[in-house]
Amino acid sequence: MSVLHDTAVRGFASDNYSGIHPEVLSAIAAANDGHQGAYGADAYTARLQEVFATHFGDGVVAFPVFNGTGANVTALQSMLPRWGAVISASTAHINVDEGGAPERIGGIKLLTVPTEDGKLTPELVDREAWGWGDQHRAQPLVVSITQSTELGTLYTAEEIRALADHAHERGMRLHVDGARLANAAAALDLPLRAFTRDAGVDVLSFGGTKNGAMLGEAVVVLDPAAADGLVYARKFNMQLASKMRFVSAQLIALLEGDLWLRNARHSNAMAARLRSAIEQGLADGSIRGVGFTQPTQANGVFATLPDGVADRLRESFRFYDWDASRNEVRWMCSFDTQESDVDAFVAELGRLTRG
């Protein structure tokens, strides 16, 4: 088939815009010959269990799925009775970016809390952690956080432990949406286990797509007592891959060695380079009128631009508005973002803001 897109076009809209890492693509090809059992009865899915155990410890169980929304909905369903509810930040992906899937598909009530930096605290959780035993109120039984958050901020291991302890003391469980968990590990310079299982997380949605996979996430059960019926929920949520070996092979390629960490470190470094170059431009006057709305802690930069600049800049580089009412935008870096991409973007930003 002919190449249908301009391979020179680069953007900062999403880490989903990037292609497949060559090592992951090779893993898919390597898994392709011959026949293997369907629906997870294959050598690659069995090996994936061992690989996840090296990162999270013995006894964990990983359920490969197609995408992040499917991972979150399936994970949360398995953690809740029909009358259960989930406490999350108002900016959480499950609340604003999943098309109502937790409610429509999962039948889950979301109890959301406003937060300036995308992070929950025990005090913020308590705004919705009440009403147990009240037949008129959906019962808050799970706290869900995102690491790194939708605003590009990070929870420390200590902050996650505090949330886990707070939730467990009140009879709730802790779920982590880890679509960018690798970026968090790279930024915190910690093993994956240190700020998940060892910090009291019960169930995890582990992301691969944003870090070099074609498609592929996993629901990882860290505490078997926290989830029930996942093997059934994955099927009726349409997340059970018949040729699961190709999902598992991608995650093995990322996690068996250090590819997951190399990719995440690179995308984080490109975001840091972008932030630093803009700050330098503001200091020397080559860039004007740009402000930052969040710290740059992983692979995203959140900024405000002068009127009209965003649309003109998008003529050369794709990116999204975050809050158009205040000219706030989001710039995401990927495993394949190059220094030259960042430098060209900053140069164009400077030209437009000076003109």
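Which helix and strands each supply at least two residues of the lining of the largest pocket? They are α3 (68-79), β5 (173-178), β6 (203-207) and β10 (320-323), where helices (H or I, at least four residues) and strands (E, at least two) are DSSP runs numbered from the N terminus. The model is predicted, so local features need pLDDT of at least 70 and side-chain atom pairs count only at pLDDT 80 or more, while totals for chains, interfaces and linings use all residues. Residues are numbered from 1 along each chain as its sequence is written, and side-chain values use heavy atoms, with hydrogens and water left out.

The largest pocket is lined by 28 residues, and Asn-16, His-93, Ala-179, Arg-180 and Lys-210 lie nearest its centre. On a 1 Å grid over the protein atoms alone, a pocket is an open set of points where a 1.4 Å probe fits, with protein on both sides within 12 Å along at least five of seven lines, and lining residues have an atom within 4 Å of a point. The lining divides into seven nonpolar, 14 polar and seven charged residues; Ala, Val, Leu, Ile, Met, Phe, Trp, Tyr, Cys and Pro count as nonpolar, Asp, Glu, Lys and Arg as charged, and the others, Gly among them, as polar.

In the second largest pocket, which is lined by 15 residues, Val-9, Arg-10, Tyr-17, Ser-18 and Asp-336 lie nearest the centre, and the lining comprises two nonpolar, eight polar and five charged residues.

Elsewhere, residues including Tyr-44 and Phe-52 in α2 meet residues of α10, among them Leu-251 and Ile-252, where contact means heavy atoms within 4.5 Å.
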